[in-house]
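Work through the exercises below with the sequence and the model open. Each task is followed by a solution in steps.

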Amino acid sequence: MPAVELVGITKRFGDVVANDGIDLSVEAGEIHAVVGENGAGKSTLMSVMYGMHQPDAGHVLRDGVRLRMRSPADAIAGGLGMVHQRFRLFPELTVTENVVIGAEPTRRGVLDTVAARREVERLGELYGLRADPVARVGTLPVGVRQRVEILKALYRDARVLILDEPTAVLTPGEAAQLFEVLRTVTGNGASVVLVTHKLGEVLAASDRVTVLRHGRVTGRFTTAETTAEELVVAMIGRSLAPGPRHTPPRGHEARHTSPHDREARHSSPNGPGSPPPHGDGPTAREPDAPGVTREPYLLEVENLRVLGGEGPAPVDGVSFGVRRGEIVGIAGVAGSGQRELLDIVTGLRAPDEGRVLLAGHPVRRGRDPRVAYVPEDRHGRATAPTMSLADNLLMGEQRGSRFSRAAVRERARTLVKRFGIRTASVDEPISGLSGGNAQKAVLARELSRGRPLIVVEEPTQGVDVGAQERIHALLAEARDEGGAVLLQSSELPELRALADRILVMFEGRIVAELPSDEASDARLGAAMTGAAAGDATADTEGNTEGDTG
Amino acid sequence: MTGTPAPPVTTDRSPRSPAPGRTALPRAAAAAPVLALVAALALTTLVMLVTGVDPSLAYPALIRGAVGEGNLEYTIAAYVPTLGMALAFAIPLRTGEFNLGGDGQLALGGVAAAAIALLVPLPPVLAVVLPLVAAALTGGFLAWLAAPLRARLGIPVIVTTLLLSTPGVALASYLARFPLAERGTGVAQTPVLPAVAHLPAIGDSGYLTPALPVVALLAVLWLYVDARTALGYEIRATGANREFARYGGVGIERLGAITLAAGGAFAGLVGGLTVLGPPYRFVDGALTAPGYTFTAIAAVLLATGRPALVPITTALLTVLQVGGQGMEREAGVPSQLTQIVQGLVIVIVAVLALTRRRGTIRRTPKTAAEPANPHEKATP
Amino acid sequence: MSVFDVAFVSAVLTASTPVVLAALGGLLCQAAGVFNMALEGQVLWGAFSGVLFSHLTGNAWLGVAGAVVTTTAYALLLSVPTVAFRADPVVVAVGVNLLALGLTAFLMRGLLGVGGTYTSPELRGLPTFARLGLDVPVLGPQSPLVPLAPLLVAAAAWWLARTRSGLRLRGIGRHPEAALSLGLKVGRYRHGVVLGAGALCGLGGAQLALGNVTLFSEGMSAGRGWVAVVAVMLGGARPWPVLASCLLFGAAEALGFRLQGLGLPQQAADAAPYVITLLALVVAAAARGRRRLLEAS
């Protein structure tokens, strides 16, 4: 009998069917991977399994017994535990408080902090999940926070542990540790549901795989008997067309390739990654022959430093340069100082030390008009969700010419057409657009101005495949037209496909600079954890010029 | 989500994605003020019935009190300061700030106008203009104080303006009772202002002065700036999402200061216009007693973020307010009933306004309980 | 001279007790992540209903009970729109405060038969310790609600720090999504604290109208609820600092009264508590740095 079984789950959001009659069964003691592209319906399915959404049809069986799922409380009571992609932790509370909250041991109504702490320590020993029980969670690194999340589920006697994209926030080394922990968990007879879109992880760590596409199950596999190719076919509904591809012509929604294709072939979980072949993506460019790119840097960042109160400096002496016509990638585990660095480069924040020069002149505070900037936080920074699409497309240009409503809308319509933004009307609030279209709108606003420096953060996060390709093509085009592009992304395949060279940040410093074709998972991973920094920086382009950070 | 056929299931829908049928919502939102008013009146009727008042007598009395013979001019006279105070609240609200200090700005503006008119001998025209300018500057300054406190120290504007209001009213009262007081009467008021400083009357009743066209013109000017200028766009963007505006290079702190000062200036100007009108003196408490400030706040909130509706909702609530006094005279119903209606209107509008914002509101940084990124806290 | 000091301390207690009770309500809401700006209206309603029920029953304690019960009910006007419907808490609070002003003035005319100020020899106020025959230092002229206020603050501090529901409340306030994912009933806790704040405001209002004085007058809360809101900001939603902030306000008011006796104009005395509260807020904000205060609000 399966430990947990989803039967005929259908879930609609308005007229969108996120899950369409999905069956999923997870045996006791197995790691069961659920894979699919962004938007395939994985997260919705997990939310249903964990009681956060009520399905429109179907039900959840636990050891063959139907669970009444009205809220996560029912799921927890049924022995399910979930580690969300965005952690659900209380930064101000201690590790122990975070683990026990909601199921606290008490003595005569008063919290029994001693017993709680002992239990946390015991579980930590048992599963190899070490975390200081009295530390405040807000002060802990991401990897440890994830352990706290797992402890939280185990403390509640979870027999089925659901992890939603657990490695998105981890370095390759931390990810390997995580899979060891999960093996211990299943070794004790519990089950793990691993939600991911990284095929390397699936092949390395899971026992069985269920593939989702467009809200339906498109494949069920036993991991040992399948291949990446087979999984990809199930995920994207077609086989890979091998060989080099070209930048799709403007105005077409090129659908014949996706970043996941590349990822499927190149990411390998632990082993030494083989260097990716050249020119595999739609936008990657043959590297320039040595000696060609010796023009001066357009963007010069000199010894930037942001002091961090009591803690370590978020940006600790960063120097680099970006030339016209190149894309420089920034990699690193989230929180390594990328955000602060880019805030300074765009002029939104002042550094405590150092300076940023653009074409020889310091970047202006507030927002430098020579910089195009696509922020990661689409709802919080890049758009005003309640304002119309036209108003959102205007920001930055409102003082350019005489203000007229007709002109604002006309301009918006032009951009909508040129960048292929799908919307009913430019007067629609931008919150009504899908993630991909909203992101295209942001890019349209920022790229349509022909600004020399283009700073981009996580350009394809939460964006569907078609839009991803379009966005990559737009960035490559901006580069080809002579723009200097600084691209920060947590998707290593994206960096490899687009960037000419990749800077790796760790603890506020640039610890490595790699040409894209040498940036294997192993080398990037080592640099992202701060290991082997010296080794990784050897023989890079920057180094030969004596200009590394 | 939109009217266009979205590609099927290509994005991960967040659990609170806006429901479909968005195109129908603007109409629902336009109905919100009407609905709120109807609901508030229904509840008020209930209050009447509970307290033994006959609504069939009270409501006609209310209407007669506002627009009946001779009363219409008085209602219009009350509309002018209420509209001015509505702008005092509405302008900062466009950047997302609550100016609850209208009473203090109003009273200090009034006393400043009286002081200039009494103490500085001025030629005609200037004798009217200069006190009004002084009134606007005084009110504007008091409101502006909240801006640097918000920008530098993060103290909410709603709290600062409110805390400064009582001292403002107290200072005005002190000036009217002591340094500027009319000698020998013992009444807390200034002497009658010199005749050159009087606003001329329009019509026979003497209630109406050029204050009406002045405030109306300024209101139109505000509507124009808000909808059709870059400044108005930047103000709206700041109100919709401060971080978006900052990212776009808008000087959000400067805008906050400008809108607060402009709002306060309107309040001060209303004080000045009232003092230069009949009975041509500053009477302690006369400016704040009619409750223009909160009637105006209710009216602005009733307009649910659409500036063009503000003059209309203000007219509606002024009728209610003035009519309430007629109702008290005629039907013996306490005029405070109108305050009940206003309070209910605000609460109901707050609930109804959600239909418009739901789906986006939870995404705005203001309501986010936690940074979206779990790592943010690790790097202070 | 010592009598003078005792009298001053007594005046401080009188002035701060209603504020302490209201601020405690605001603090609990803040801890649960609800911004409660409707304290002013609820204190006013508490004062009115306290007088009304004392008038109707001839018993001050029944007046207090009536104030607590009806103000809790009144708080539904805040909790239902903001917690259940997620309406803008600031807008709702503005409405709730204005409604209290109108409703108390209206009902006063209907039920007590007068406008402006209601007082009567028959109206029973709360007994003082002296009247109860208890010889307590300083507290002699005070009602039993005065020492109750700091006791409630202590109880709240202990509850938040040491109990299961207190821990959950803090968790809910800091990160509601996390609390939801644990199956905690976020809405229920939030309704609970908003209604609890209503009860505390009712108590504060009753103390104001039946303890400090024995009368009701229109708008008699006179900004105390707003000062309580500021006290919560000043104290960073921690019980003891919030209590201290309230005492600061009480001292300012008492000092204003004292100086008025020495010839200071009444207007200065009126303004003093607000000016001092604002100055304290400015100093605290400057010392604490802008980030934390924004976080706390």
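This is a predicted model: local features need pLDDT of at least 70, side-chain atom pairs count only at pLDDT 80 or more; totals for chains, interfaces and linings use all residues.

**Exercise 1.** Give the strand order of the six-stranded open sheet in chain A, and name its edge strands.

Solution. Reading across the sheet, the order is β18-β19-β20-β15-β21-β22, with mixed pairing. At the edges are β18 (371-374) and β22 (509-515) of chain A, each of which pairs on one side only. On average, neighbouring strands of the sheet are turned by 20° against each other, with direction ignored.

Now take one pair from the inside of that order. Five bridges link β19 (residues 453-457) and β20 (residues 484-488) of chain A in the parallel sense. Within this pair, Ile454(A) has Val485(A) of β20(A) as its bridge partner.

**Exercise 2.** Which strands of chain A does helix α14 lie across, and which does α17 lie across?

Solution. Helix α14 (residues 435-447) lies across β18 and β19 of chain A, and runs at about 175° to β18(A). Helix α17 (residues 521-528) lies across β15 (326-331), β21 (501-506) and β22 of chain A; its angle to β21(A) is about 30°.

**Exercise 3.** Is Glu326(A) buried or exposed?

Solution. First place the residue: Glu326(A) is in strand β15 of chain A. Then count its neighbours. There are 23 other C-beta atoms within 10 Å, and the cut-off for a buried residue is 20 or more, so Glu326(A) is buried. For a distance along the chain and in space, compare Glu326(A) with Arg381(A): they are 55 residues apart in sequence and 26 Å apart from C-alpha to C-alpha.

**Exercise 4.** Describe the make-up of chain C and explain why it can be called as compact as a globular protein of its length.

Solution. Chain C has 12 helices and two strands. From the N terminus the elements follow the order α-α-α-α-β-α-α-α-α-β-α-α-α-α. The radius of gyration is 19 Å, close to the 19 Å from the globule rule for 297 residues, so chain C is as compact as a globular protein of that length. Its C-alpha trace spans about 55 × 45 × 35 Å along the principal axes. Of its 297 residues, 58% count as buried. Among its contacts between residues at least 6 apart in sequence, 74% join residues at least 24 apart.

**Exercise 5.** Where in chain A does the pLDDT fall below 50?

Solution. The mean pLDDT of chain A is 82, and 84% of its residues reach 70 or more. Residues 239-291 have pLDDT below 50, and this stretch has 96 contacts in the model beyond near neighbours in sequence. Residues 532-549 also stay under 50, with 30 contacts beyond four places in sequence.

Methods
Residues are numbered from 1 along each chain as its sequence is written. Chains are lettered from A and ligands numbered from 1 in the order in which they are written. Two strands pair if DSSP finds at least two bridges between them. Helices (H or I, at least four residues) and strands (E, at least two) are DSSP runs, numbered from the N terminus. Axes are lines fitted to C-alpha atoms, for helices over the stretch in contact, and angles run from 0 to 180 degrees between N-to-C directions. Two residues are in contact if their C-beta atoms, placed from the backbone, lie within 7 Å. The radius of gyration is taken over C-alpha atoms; the globule rule is 2.2 Å times the number of residues to the power 0.38. A residue is buried if 20 or more other C-beta atoms lie within 10 Å of its own, exposed if 12 or fewer, and partly exposed in between; C-beta atoms are placed from the backbone. pLDDT is the predictor's confidence in each residue, from 0 to 100.
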